There are 2 protein chains.
Amino acid sequence: MRTCLITVGDELLSGRTVNTNASYIGNRLAETGAPVARTVVVGDRVDEIAGAVRRESADHNVLVVTGGLGPTHDDVTLDGLALAVSLPLTESADVLAAIEVRYRKLDRLVPAGVRRMARIPRGATVLPNHWGTAPGLHLKLEHCHLFVLPGVPREMRGLLDESVLPIVKSLPGLKPVHVRSLLTAGVTESALSETINDLIPPAGSPVRLAFLPGYHGVELRLTTQGTPAEADRLASAIAERIGPALIDPASSDDLMTAVGRLLRERGAHLATAESCTGGLLGKLLTDRAGSSDFYLGGVIAYANSSKANLLEVPQQTLDDHGAVSPETAEAMATGALARFGADYALSITGIAGPGGGTPAKPVGLIYMGLAWAGGATHRRLQLTSDREQNRERSAYAAFDMLRRHLQEIPAK
Amino acid sequence: MRTCLITVGDELLSGRTVNTNASYIGNRLAETGAPVARTVVVGDRVDEIAGAVRRESADHNVLVVTGGLGPTHDDVTLDGLALAVSLPLTESADVLAAIEVRYRKLDRLVPAGVRRMARIPRGATVLPNHWGTAPGLHLKLEHCHLFVLPGVPREMRGLLDESVLPIVKSLPGLKPVHVRSLLTAGVTESALSETINDLIPPAGSPVRLAFLPGYHGVELRLTTQGTPAEADRLASAIAERIGPALIDPASSDDLMTAVGRLLRERGAHLATAESCTGGLLGKLLTDRAGSSDFYLGGVIAYANSSKANLLEVPQQTLDDHGAVSPETAEAMATGALARFGADYALSITGIAGPGGGTPAKPVGLIYMGLAWAGGATHRRLQLTSDREQNRERSAYAAFDMLRRHLQEIPAK
């Protein structure tokens, strides 16, 4: 089974648009057991599209083409396709009617070129698009299943998941892939790798283990084309070994979902106090709807004066220990706890860089504080010189400190 | 002149990594006048790489290959290249020495496979890598300039800008491209397009005009392969027409840079008060180093109680008008102004969605407040149902409100 992806669009070649469609499709097809072996990006030109479709459909069993199905004169994917497979395009009254209904539903004018979108190559199956206007197409060539999808990410994703993957999964010769993800936080890739070194399957094993690090933590992804039991056994062994670094043994919740759930289950409310992250803690907490269940708000105490004025960090603490110190981190958290009447408060103070470091307090030195009724604690991080990385990493490290603390406390 | 890009890596095909290298390279080559006509992504396999290099070097005058130059057994781009062009690889003592020095400088162990990285095809020119270990290569084939670059983005970018683009620019038959960007804020793409409709160059004109919308505003990008004067004339006409929507007639500063500059020039300090954006205003202000020159901090007043407690929004205002109202927006800004002792304060309150809307106050309704010593004002936005978009757009709209206000006030 060989799979190819062709993405169409001048904006992809000129770099105006990053090809996130290719990574979404690559991910989903890999999980389905038909991993993409080759991706080609071509511009909005009939001859380029036709050439790529002709060549890749001869070399592959599954070919997915995305983009260029809209109503403007630049949208020529159907023309290229028709040329490549030598099948005439004919307008479908049903498809045209469905597209016009959709435009009206979206309260948008039916564009002049709408008829272009309703042209179907003879023999193609229409894949209905519930997320937008241009439908998808499925064409069974001699040795190749050809799928054509719109380039708008939301529409492409809907069609891929609903219509394309079920067909691909049903193809003979496909070995289904089982995927298990273990999401961890608060441990580096190299520390994790040392901890589970003897559990890592050697090359050629039926189960493959990938370390996928991100700012929020490291994902351990197990894939196998063997029986799921093999991956599950390895997952259990890893889970036992790494203990609390695993965000949630019972689910594949990510860190922010787990923090929200832990707070909700305990009926607890959180406040934040930030210096170097400048609002990032609050932003990450409120990225998803529903955070008002557990998040009260926070103080961004960027200037030192605001640490004293708004968070009641004692001037003495700032004078004696400095703004970047364990004492200030804990005082900031305690101050936010009182100010907001919260059950928990998280704080961050540090030197995000690239400037502002000293030999005693270098760039990348971060203190995180956690306060609750009757107590406070802190953690220290020494990160690198990259400002964005330092801010993201320390924010997630603070949330991980809270997660580990909450997991020790029984839910209500 | 036809240009092709081949990016090598299993992680690109499986979707684990988004191909940002392709968009960077596409952008830079388009500006240079050698736009990418085709991009191919292949996995870490000698035969796939060799096949792609052989085919694309026959069809193109410039071929850039990135990725797969590291020390591990997966890094086989050099092997694929050697097979494609039938040139043997020989180890270069100079290159090996330079790589080893670089590893030591980075305080990293010299890996076992380091010698693999020092293999050079006969006749190739070495392009020194000041940003990492594996060097780039330049190979002059009969009709094609072939460049090989590492896949690590920082290293690829350094090598592309320093070594590849100057060579491409010097190729005969290349018409240099002039690019001018007009960055706007606070106006939608369709409103802008109506305003300057009669100025838009028709198809076939020497100057092309592209509308590139983003959360922060719309970039108007003018490109020409004719004389720069033609693009400059059009830019001036557009600038005059759109007036204050242009962020800065004298520079190509983006919105956040302009806000920082305007505050600095006036010796003024800013505070923020956020509800639905939950810290995003502060985060955007502090994304870049140096913001402590003009940003004091802010209050994230996510719960209503914190609007009253921390920002002294009168309970009566909240009761009479609600948390999402012009009155509350102005009171939040005025409260932050006082709390932080700032010269200006920005506030945002709204219904980011997807839940929480009512017929009178639907999802996407946002009020932004601006306060200064002796005054306050507000603006209303009605956005869509998408939470992320509503948060980003309203944050930038607030900064644009401040920008326009500050531009009316003389600098110190």
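Student: Which residue in β16(B) is the bridge partner of Gly369(B)?

Tutor: The partner is His378(B). This is a predicted model, in which local features need pLDDT of at least 70, side-chain atom pairs count only at pLDDT 80 or more, and totals for chains, interfaces and linings use all residues. Residues are numbered from 1 along each chain as its sequence is written, while chains are lettered from A and ligands numbered from 1 in the order in which they are written.

Student: Why are β16 (375-382) of chain A and β16 (375-382) of chain B placed at the edges?

Tutor: The open sheet of ten strands has the order β16(A)-β15(A)-β14(A)-β12(A)-β13(A)-β13(B)-β12(B)-β14(B)-β15(B)-β16(B), with mixed pairing. Each β16 has a single partner strand, so one side of each is left without a neighbour in the sheet. On average, neighbouring strands are turned by 15° against each other, direction ignored.

Student: How do you know that strand β2 (residues 36-42) of chain A pairs with β2(B)?

Tutor: Five bridges join these two antiparallel strands, and Val42(A) has Arg38(B) as its bridge partner.

Student: Why are α2(B) and α7(B) called roughly parallel?

Tutor: Angles under 35 degrees count as roughly parallel, over 145 as roughly antiparallel, 65 to 115 as roughly perpendicular and the rest as oblique. Helix α2 (residues 20-32) of chain B and helix α7 (residues 153-169) of chain B cross at roughly 20°, their axes coming within 11 Å; the two are therefore roughly parallel. Axes here are lines fitted to C-alpha atoms, for helices over the stretch in contact, and angles run from 0 to 180 degrees between N-to-C directions.

Student: What is the handedness of the crossing of α2(B) and α7(B)?

Tutor: The crossing is right-handed, a term used if the near helix is turned clockwise from the far one, whereas it is left-handed if the near helix is turned anticlockwise by less than a right angle. The contact includes Tyr24(B) and Ile25(B) of α2(B), with Met156(B) and Leu160(B) among the residues of α7(B). Residues are in contact if their C-beta atoms, placed from the backbone, lie within 7 Å.

Student: How many residues of each class does the contact of α2(B) with α7(B) have?

Tutor: There are seven nonpolar, three polar and three charged residues. Ala, Val, Leu, Ile, Met, Phe, Trp, Tyr, Cys and Pro count as nonpolar, Asp, Glu, Lys and Arg as charged, and the others, Gly among them, as polar.

Student: How many residues does each chain give to the contact of chain B with chain A?

Tutor: Chain B and chain A give 51 residues each. The side of chain B has 26 nonpolar, 20 polar and five charged residues. Among the elements that each supply at least two residues to that side are α2, β2 (36-42) and α14 (326-340) of chain B.

Student: What makes β9 (178-183) and β10 (207-214) of chain B edge strands?

Tutor: Each pairs on one side only, in an open sheet of order β9-β11-β10 (chain B) with antiparallel pairing.

How values were computed: Helices (H or I, at least four residues) and strands (E, at least two) are DSSP runs, numbered from the N terminus. Two residues are in contact if their C-beta atoms, placed from the backbone, lie within 7 Å. Two strands pair if DSSP finds at least two bridges between them.
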